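Me: I would like to learn how to read metal sites and sheets in a model. Could you take me through them?

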Amino acid sequence: MSQISADIPQPIRGEEGGPDIGPRNVELDRQNPDLLVSPPTDSGTVPNLKFSFSMAHNRLSQGGWAREVTQRELPIATTLAGVDMKLDPGAYRELHWHKQSEWAYVLEGSCRISAVDQEGRNFLDDVRKGDLWFFPRGVPHHIQALGDGVEFLLVFDDGMFSENSTFLLSDFFAHTPKSVLAKNFGWSVDQLEHIPEREKYIFPGQVPPPLEADRVVSPTGDVPRTFKHRLLAQAPQRFPGGTVRIVDSSNFAASTTTAAALVEVEPGGLRELHWHPNDDEWQYYVSGFGRMGVFASSGVARTFDFQAGDVGYVPFAYGHYVENVGNEPLVFLELFRQPRFQDVSLTQWMANTPPQVSADTVNVPRSLIEALPKTKRSVVR
Ligand code: MN
Ligand code: MN
């Protein structure tokens, strides 16, 4: 009988639907009210646009864990793939490289990161909550948590990326004859007695010394463009319903393949109706509760619900909005496999078109169209 108690959501919309009296996962129904009871404007078939990191396999190691949401978990997400990783204080994500570029955002805590480019130019810095980094594809790097540990989001510019198939230093050593290693480094085979037999990946370590004590001076100098950007410290664009911080190759020159916006929507606010004229959008929800509606043309639309730790996706050119449906700020990242962030505002388009055209199209008084703001208001309320 508990299946029809008042606090359990039921698939009923006015005269439509009826109680669910069979097997069900009530927790998921609670988290996805717009799937259980869609707004009547939803119509047709839209591919799944949501996957939570909480539904992803978590790879546990001594020193931390990592889980990924890729095209394998969310098949429509072909442009980008994400990894959520935690390192305990002092723990390493070992020296490695990969075929994809790596864009990262620090969610909690702090870590030290290093990279060396093809000219031997090096990079070393500490990043903390709200900072991001970018490593170009093929450039080797490492991550080590500082004294407070760290959790971060990694975003790779290929939906089929896997965190489990990167090129690891320990793995390279384990699969190269010791005679070759010895010759390569000018060491003796005896000195290689304790090299790892397999990859280490994430493993415990000591919290590193102050940054300057860890610095190596390369004869070719530092990397020409820093791989670190302090996104949360960046002055936001302020709008009536919240803020937006855009980071792309225009203000973070190293990030040539990934553009992002950190969006904060106040309670009651709305990331306005818009679309992106250049690519698909990959989203990560940092905090709060949001509802996204997507319009796919041809009379097709669907609504999805998101909370912290969820990944969302919007196919190229689909119209969409994200509404804060909670009573705390909604914070999320919009990411694109592009050098520049671009969006088209529905309001700005209509406001800068001869007003009679829009008035005749949507059957509202011309005066309403004429009163629309002609500058972009990305977040309204
Ligand atoms: Mn990496
Ligand atoms: Mn968008």
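Reply: We go through the two topics in turn, and the model is a predicted one.

Me: Which residues coordinate the manganese ion (ligand 2)?

Reply: Ideal angles at a metal are 109.5 degrees for four tetrahedral donors, and 90 or 180 degrees for six octahedral ones. The donors of the manganese ion (ligand 2) are His-274 (NE2), His-276 (NE2), Glu-281 (OE) and His-320 (NE2), at 2.1 to 2.2 Å. Their sequence spacing reads H-x1-H-x4-E-x38-H. Glu-281 belongs to strand E19 (residues 281-287) and His-320 to strand E23 (residues 319-324), so this pair ties together parts 39 residues apart in sequence.

Me: Are Glu-281 and His-320 buried or exposed?

Reply: Both Glu-281 and His-320 are buried.

Me: What are the protein donors of the manganese ion (ligand 1)?

Reply: That ion has His-96 (NE2), His-98 (NE2), Glu-102 (OE) and His-141 (NE2) as protein donors, 2.0 to 2.2 Å away. Along the chain their spacing is H-x1-H-x3-E-x38-H.

Me: Why does His-96 count as buried?

Reply: Buried means under 20% relative accessible area. His-96 counts as buried because its relative accessibility is 2%. Glu-102 counts as buried because its value is 1%.

Me: What is the strand order in the open sheet of 7 strands?

Reply: Strands of a sheet pair through backbone hydrogen bonds, either parallel or antiparallel. Here the order is E3-E22-E19-E24-E17-E16-E15, with antiparallel pairing. Strand E3 (50-52) and strand E15 (237-239) are the edge strands, each pairing on one side only. From one strand to the next, the twist averages 20°.

Me: How many bridges join strand E16 and strand E17?

Reply: Strand E16 (residues 242-247) and strand E17 (residues 259-265) pair over 6 bridges, in the antiparallel sense. Gly-242 stands opposite Val-265 in E17.

Definitions and conventions:
Residues numbered from 1 in each chain as written. Chains lettered and ligands numbered in written order. Predicted model: local features only at pLDDT ≥ 70, side-chain atom pairs only at ≥ 80, totals over all residues. Heavy atoms only, no water. Donors = N, O, S within 2.8 Å, 3.2 Å for Na, K, Ca; no water. Helix = DSSP H or I, 4+ residues; strand = E, 2+ residues; numbered from the N terminus. Buried < 20%, exposed > 50% of the residue type's maximum accessible area, 1.4 Å probe, protein only. Pairing = 2+ DSSP bridges. Axes fitted to C-alpha atoms, helices over the stretch in contact; angles between N-to-C directions.
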